[in-house]
Amino acid sequence: MDGGFKWEKINDKSSGRGASGIGNRPFYYSDIFVDPQNENRIYTVFTYVNYSIDGGKSFQQLMPAYGTNVGVHPDHHAWWIHPENPSFMIDGNDGGLNITKDKGKTWRFVENLPVGQFYHINVDNDFPYHLYGGMQDNGSWIGPAYVLKPQGIRNSYWQELMFGDGFDVIPDPKNSKYGYAMSQQGFVGRYDRETGLAKMIRPTHPNPDIKLRFNWNSAIAMDPFDSKIIYFGSQFVHKSTNMGYEWDIISPDLTTNDPDKQKQYESGGLTMDATGAENYCTILAISPSTFDKNVIWVGTDDGKIQISKDGGDNWKNITPILSNFPKNGWIAQIKPSTFSRGEAYAVVNNYRNFDFKPYLFRTRDYGKTWESLLNSKSETFGYTLSFVQDPVNKNLVFLGTENGLYVSINEGRTWTKWTEGYPSVPTMDMVIHPKEHDLDIATFGRSFYVFDDIRPLREMAKNGAGILNDTLKIFDPPTAYITQTQQASGTRFGGNAIFNGDNRKRGAMISYVINKPKKSNKSESTKSSNSESKSKEKGKKNDSIVLNIYNSKNDLIRTLKQKVPKENGLNRMYWHMNEKGVKRPSRKVSKSKSEPRGVTVLPGDYKLVLNYKGNKDSTMITVKYDPRIPISNDVLQSKYDLQKEIETKFDLAYRSTKQLKESKKITQDYKNQAKNIDKKKYKDFIKESDSIIKQIDVLLNDVLGKEDKRQGITATKEPTNISYLNTANWYVSSLQKKPGKTEKQLVKNAYDKMDRVILDINKFYETDWPKYRKQVESLNLSSFKDYDKLE
């Protein structure tokens, strides 16, 4: 009441885990907010949100109870009250953002903020493949890396697998329906993602008096030689040979086992806080070798790196003895090389001890010696969190730090920060998809990122970054799939309220490098302004990239043109796996100069030739059919052949209407010319011209249908002749079997209709049109006339 000069205690009741009181975790969250229009209405924000209407003397819970169908996620960190409308409040908690307009009676969860805090990432080999990972206090999830649907990746495509603080998720490589997911304090289960069934498989110790210490983010790994074998870390390494149903301990305590750092049950300051996050002297990383099933690497949270070469019977401490290795550092990851048996990378950070420098170490002799790869990097680089080496080219490695993503194409000798389309965000974990060659990333605060197809970086790692300076270069593309798409789940018309994550673009992904020539200095130019203008105009016409596509017979089947990108360097374009098509008949004159799109190509290998201003480069691409759809090559071939046949009919219809429209214009021009010269003299010719125009209109109507100029949504009683061809093509294009009775009849009907029209058109050009032409040529339709001398 006096601006803070005097204070009196109103309430000192702690909430504990209950629903009333002031709060329970003051070190973590403890805020008080006052209604701007009612000083006695107070909100206390902590694990729950309680409110008081008597100035803080008593509190009751505001939010719906945790666990109810209408619940709001607990653990509240941010709160805002509208200064003029206190019924309008915003809550920021461990689950995201919630908004109320009625003082907390009802809440709306904000679904379009991609701010997930993921600890780990994993992938399966489904098509399309999935991403897996666990989020801070938001469970373990599966979702698509991309979807074969329009409108992007919606939240509804994601499925929670298990709840709790989510960490690592490992799908079963033999059947991605099953897998392993974790939560805090070593709780781990084997899930069935279709039914929701999850069996708890957390390891135990045969001696009930020995307490297992599990890290908040415990270590788990699957044996690369046998997917039934999994490893789990406490202070010991646990091994199961039957998918977690039974466990054996295969190591001694591999940590420092420092008793002074195991007082988590006494943790806290003003209040106790023993949640499991305080556990120490635990195993953080377990990494079985991909070369030798008996080699296992282990890292701990107190700076130990251990190795076993005999399947866990014996262990050796191989912690680096280097002056710059942080004592008791956090061994976040150990990544054994897939190229050399004794090689591994160790990601270490030490920010918990106020040391924010980055650390990455490598051994090539099973840990006998180590080298530091980041000696010259400062704290601005960001402390290290994750690492992955490309499984194809050992020179290509990626490093995740607190401040973003770094890439090296020389095995870690030099690093470049990746900034294109990627934020400076804690980069917690990375994996390279073994088939689709994407770099998939888990961030702590910006959810998942997918870098489509890292093959261009591989080539740089192989041949040097100098290829980025080439005038033109095309890279080997990933396999392209002819896929079927499905309508987006939920409403088709979502407006702007539904979140749609970025999706992979459809079509064959083609990466290339281009470097446009530098513009000449205008002051040095000696050309006239007229020639400069012509040169610029010509340059604009030629300033495009041309992609020619050839089939196995070396026939040119498609030509794609696109404007040269604004930025030099690495760019992408897409081919939708179709051939050059034919134009369709229309009353309007097409002004498009683009090559019309034709039928979908057959699976096979195709040659890509990229051209730019006399520069040329080529590569091959493999096209496959959607692996989700069982269809034989014979069916695809029969479908293709019939579509090509129908295409010739469309071309015939187009050429016929084009010819008729040209003839109509010629007739109209001569008619107008005759009227302008002498309307009376050429009266009969004008009448004949009208007759020819009328005949042409009738023939055009026979192809396209009579032009309906009525207002509104109109319809004709009889189908147009071209509609029969459209219907037949529609049926054939959706075939999943060889053409049957229905398709054959539709095609026959369409051909019969079109053939009769073409017959009439040809008859017109064989009889009436030649007569009219002779009539025109026999007339003197000169516009010249005699003039008297001007006096």
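Biologist: With which residue does Arg773 form a salt bridge?

Modeller: This is a predicted model, in which local features need pLDDT of at least 70, side-chain atom pairs count only at pLDDT 80 or more, and totals for chains, interfaces and linings use all residues. Residues are numbered from 1 along each chain as its sequence is written, and side-chain values use heavy atoms, with hydrogens and water left out. A salt bridge here is a side-chain nitrogen of Lys or Arg within 4 Å of a carboxyl oxygen of Asp or Glu. The closest N and O atoms lie 3.0 Å apart, and the partner of Arg773 is Glu777.

Biologist: By how much of a helical turn are Arg773 and Glu777 separated in helix H7?

Modeller: Helices are DSSP runs of H or I with at least four residues, numbered from the N terminus. H7 covers residues 768-778. Because Arg773 and Glu777 are four residues apart in this helix, their separation is about one helical turn.

Biologist: How many salt bridges does a search of the whole structure find?

Modeller: Among them is the pair Lys9 and Asp12, whose closest N and O atoms are 3.5 Å apart. The search of the whole structure gives a count of 34.

Definitions and conventions
Helices (H or I, at least four residues) and strands (E, at least two) are DSSP runs, numbered from the N terminus.
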